[in-house]
Amino acid sequence: MIPFVRAFDFAHGRLDQVSPLIQRVIANNPGPFTFTGTGTYVVGRPEAGAAVAVIDPGPLDQAHLDALLEAVEGRTVSHVLVTHTHRDHAPLARPFAERTGATILAARPPARETHASGALDEEEDAVFAPDVVLTGGEVVEGDGWTMEALFTPGHASNHMAFVLREEKALFSGDHVMGWATTVVAPPDGNMRDYMTSLDVVIARDFATLWPTHGAPVTEPGPFLAAYREHRLEREAQVLARLEAGDRTAAEMVPMLYAAVDRRLWPAASLSVLAHLVKLAEDGAATVSGQPGLAAEFSPV
């Protein structure tokens, strides 16, 4: 079982000092995909005059913008870092950067036609464009902090996590969350990419993971091992459903996700599809036509 962390102290709009170099403000956009809301992180020293970075400004919400501006008052925002372009992470980046003079850094947005819109609460921010395009490995610095871009595709093709070297911490965005497993939604989401980048994160042996939604993961080793094992178990379950006669993702969801909130079944269908696509790529299944929710898969 994954040791999920679902209880933590927070209030929407409140600035919390959560580590020596990290503060957090949570937007009031709770939901089945955002949990308690989008957690925006301010990284750097808290005293006046310090240069800080802000990660995932969040959705277009005036109250959240006001809370962020109040949080950084008296300090310089040098960088705005965006993990990916889903609308609960990216849209406020430009308005916030314009008010603070910061530079926006993120991976290149995906081709719009690749996103699985309609089935999720996480459509793309269609107008987002970074000032600086990241590909992974870039390093930015401020007063007492060093941030490294770590490319972690899977949940989104352009997902970028950020390493705070001074605290051996990873801002994991939606790649790893403490409260639930991550949705991998084709065609932009890719299960093979997800598993590969999950192994990259595991190998780095971080001390703490700071997801954009929910509480930190303070014991990443066993948590990530369980997270990975869950994905492998789900893949085995999907293959078993194929062998039992199911042919589409939609047929499998009621059996595989019987205990899950039905509001999440459309997203679950996409994650099952991601497993089916990977099984087809691995030669363990075949697919008739283009992979999609209506496509029929068969075991080999």
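Q: In which helix is the place of A236?
A: A236 lies in helix α4; helices are DSSP runs of H or I of at least four residues, strands are runs of E of at least two, and both are numbered from the N terminus. This is a predicted model, in which local features need pLDDT of at least 70, side-chain atom pairs count only at pLDDT 80 or more, and totals for chains, interfaces and linings use all residues. Residues are numbered from 1 along each chain as its sequence is written, and side-chain values use heavy atoms, with hydrogens and water left out.

Q: Why is A236 called partly exposed?
A: With a 1.4 Å probe and protein chains only, buried means under 20% relative accessible area, exposed over 50%, and partly exposed in between. A236 has a relative accessible area of 46%, so it is partly exposed.

Q: What makes the rings of F8 and F10 a stacked pair?
A: Rings of Phe, Tyr and Trp (its six-membered ring) pair if their centres lie within 6.5 Å; planes under 30 degrees apart count as stacked, over 60 as edge-to-face and the rest as tilted. For F8 and F10 the centres are 5.1 Å apart and the planes 25° apart, which makes the pair stacked. F10 is partly exposed, at 26% relative accessible area. Ring pairs join F8, F10, F35 and W179 into a cluster, and the whole structure holds seven aromatic pairs.

Q: Why is the pair of Y41 and W210 called edge-to-face?
A: The planes of these rings stand at 70° and their centres are 5.9 Å apart, so the pair is edge-to-face. Y41 is in strand β3 (residues 39–43) and W210 in strand β12 (residues 208–211), 169 residues apart, so the pair links distant parts of the chain.

Q: How do you know whether Y41 and W210 are buried or exposed?
A: Y41 has a relative accessible area of 1% and is therefore buried. W210, at 6%, also counts as buried.

Q: What makes a set of residues a nonpolar core, and how many residues has the largest one here?
A: A nonpolar core is a set of buried Ala, Val, Leu, Ile, Met, Phe, Trp, Tyr and Cys residues joined through side-chain atoms within 4.5 Å. The largest has 24 residues, and L150, L170, V176, Y194, F206, L209 and Y227 have the most contacts inside it. Strand β10 (160–164) and helices α3 (191–204) and α4 (220–244) each supply at least two of its residues, with α3 giving the most, five. Another core, of 22 residues, lies apart from it and includes V42, A67, V77 and I104.

Q: Which residues does L209 touch?
A: Contact means heavy atoms within 4.5 Å. Leaving out residues up to four places away in sequence, L209 touches L170, S172, V176, P216, V217, P220 and L224.

Q: How do the residues of the lining of the largest pocket divide by class?
A: Ala, Val, Leu, Ile, Met, Phe, Trp, Tyr, Cys and Pro count as nonpolar, Asp, Glu, Lys and Arg as charged, and the others, Gly among them, as polar. On that count the lining has 18 nonpolar, seven polar and eight charged residues. Helix α4 supplies the largest share of this lining, seven residues.
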